[in-house]
Amino acid sequence: MKRLALVMSILLGLLLLKGTADFPQFGDPNSPASAGHPNSSEDSHVSVRYITEAYGETHVPNLVSAILADYRNFDTMFETTVVFTAGTAIFLILRLPLGVLARRRSKAEMPRTLPPLARDPILEMACRVLFPPIQLFGLYVLTHGHYSPGGGFQAGVILGASFILLAIGFDLRGTLSRLPESVYNPFTALGVAFYIGIGLLCLVLGGNFLDYEALRQVVPLSSQEIRSQGILLVECGVTVTVGSVIFAIYTNLVSRGLHREGL
Amino acid sequence: MSLIQSGFIYWFFVVLLMIGMYGAVGKDNLVKKLIGLSIFQTAIILFYVSIGFKNGPATIPILQGGHGEPIKDIAAASYFNPVPHVLMLTAIVVGVATVGVALAVIQRLYAEYGTLEENEILDKIANS
């Protein structure tokens, strides 16, 4: 079986290596991915259009943010839904059968608690000092994502990581008493709901789904400014979902769904 | 440099993909399979990001001077292709979420069967 897998991988690799001979040169600005078919006019390619027109249409210098949350916002909505689904799946796989239902079934068969970890004042102080700047940096990455590398997904991961730092530096139970499951689990859904709600609001106001220009009837801004603000709104939804799902994945995996002892 | 430009860099992604494929198919341990899948995914992410690279005076797809006066005359050749970056940005986060789900399934399997070796799990299922 192992030998078969090795032969199969090498055969696939040789096939792909043969295929790389037909690839465009590395870094070629006129490659099909960056400039379209050589026979067509250059302006017709979507990548060229994004680079040259996106700033004039959205006033967002970070083209990645502009494409992610404006031109391709349907794609991003479903990516966020995938992250939410992953959080829900982990809840259903680990937390429900091993944690909630198992506790209800037999209280006597609970695994014995581990001896308490030795408290380290240096470590706890370091976590205490680091926690607020990390969260502030997460919010900066979210709100400054229009102008520098950043955006909803990155900010969500940073916010989730700040709570994971608390759970590692102190203990899981103490962290869960500050951010209980009944808070972060609804937030995984709230972020997606907020994102879809923005889309529905645009629909109700007479535009297309997630067409931010429809919001101009409520907020009197120029066409470019309202698209810029719409990007920020949906990125907030993405941040809430990603941050809480990252923390949910950590807490459930590290405690095997029991939420009693962490690492 | 000419070796890199001639497509040599794609070989690196192919080799990574082969390693990941062998790990996902050839290994018996489920965690090792998952590591193989992650390497496979990394190869594809690196490949996509490399597609966006442009030689010459190009830079990252964040317009220069975005804080000041309105930007005019943006040339497509002076910025990397942003589309692969967008696709891979979401793919990385979704990859983390799916690895989390896979680890949750692995934990459940371990709680159920007490082992992570695929053949031993299959034996226990056949004998039960």
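Two residues are taken to be in contact when their C-beta atoms, placed from the backbone, lie within 7 Å. By this criterion, and setting aside neighbours within four places in sequence, A:Ile67 in the predicted model is in contact with A:Tyr50, A:Ala54 and A:Arg72, and also with B:Pro82, B:Val83 and B:Val86.

In soluble globular proteins, nonpolar side chains tend to be buried together.

The secondary structure of chain A consists of 10 helices and 0 strands, arranged along the sequence as α-α-α-α-α-α-α-α-α-α. Of its 263 residues, 37% count as buried. Among contacts in chain A with a separation of 6 or more, 67% are accounted for by residues 24 or more positions apart. 

Chain B contains 4 helices and 0 strands, and its pattern along the sequence reads α-α-α-α. The radius of gyration of chain B is 21 Å, whereas the globule rule gives 14 Å for 128 residues; chain B is therefore more spread out than a compact globule. Along the principal axes, the C-alpha trace of chain B spans about 70 × 35 × 15 Å. Buried residues make up 27% of the 128 residues of chain B. Of the contacts in chain B between residues at least 6 apart in sequence, 49% join residues at least 24 apart.

Between the two chains, 51 residues of chain B are in contact with 54 residues of chain A. On the side of chain B that touches chain A, at least two residues are supplied by each of α1 (2-26), α2 (30-51) and α3 (82-113) of chain B. The largest share of this side, 18 residues, is provided by α3(B). By residue class, the side of chain B that touches chain A divides into 34 nonpolar, 15 polar and 2 charged residues.

One residue of helix α3 of chain B is B:Gly100. B:Gly100 has 23 other C-beta atoms within 10 Å and is therefore buried, the threshold for burial being 20 or more. Leaving aside neighbours within four places in sequence, B:Gly100 is in contact with A:Ala86, A:Ile90, A:Ile249 and A:Leu253.

Within chain A, helix α9 (residues 181-204) has 24 residues and reaches 34 Å from its first C-alpha to its last, close to the 34 Å expected at 1.5 Å a residue. A bend of about 30 degrees occurs in α9(A) at A:Thr188. A:Thr188 is also buried, as are A:Tyr184, A:Gly191, A:Val192, A:Tyr195, A:Ile198 and A:Gly199 of α9(A). Just after this helix, A:Gly206 adopts a positive phi of about 105 degrees.

Positive phi values are also found in residues other than glycine, including A:Leu210, for which phi is near 65 degrees. A:Leu210 lies in the loop between α9 and α10 of chain A and counts as buried because it has 22 C-beta neighbours inside 10 Å. For A:Arg256, likewise a residue other than glycine, phi is positive and near 50 degrees. A:Arg256 is placed in the segment after α10 of chain A. With 19 C-beta neighbours inside 10 Å, A:Arg256 counts as partly exposed.

The segment after α10 of chain A also holds A:His259. A:His259 has 20 C-beta neighbours inside 10 Å and so counts as buried. In sequence A:His259 and A:Arg173 are 86 residues apart, yet their C-alpha atoms are 7.0 Å apart in space. Leaving aside neighbours within four places in sequence, A:His259 is in contact with A:Gly99, A:Leu172, A:Leu176, A:Glu181 and A:Thr251.

Definitions and conventions:
Residues numbered from 1 in each chain as written. Chains lettered and ligands numbered in written order. Predicted model: local features only at pLDDT ≥ 70, side-chain atom pairs only at ≥ 80, totals over all residues. Rg over C-alpha atoms; globule rule 2.2 N^0.38 Å. Buried ≥ 20, exposed ≤ 12 C-beta atoms within 10 Å, placed from the backbone. Nonpolar A, V, L, I, M, F, W, Y, C, P; charged D, E, K, R; others polar. Expected span 1.5 Å × (residues − 1). Bend = angle between axes of the 7 residues up to and from the residue.
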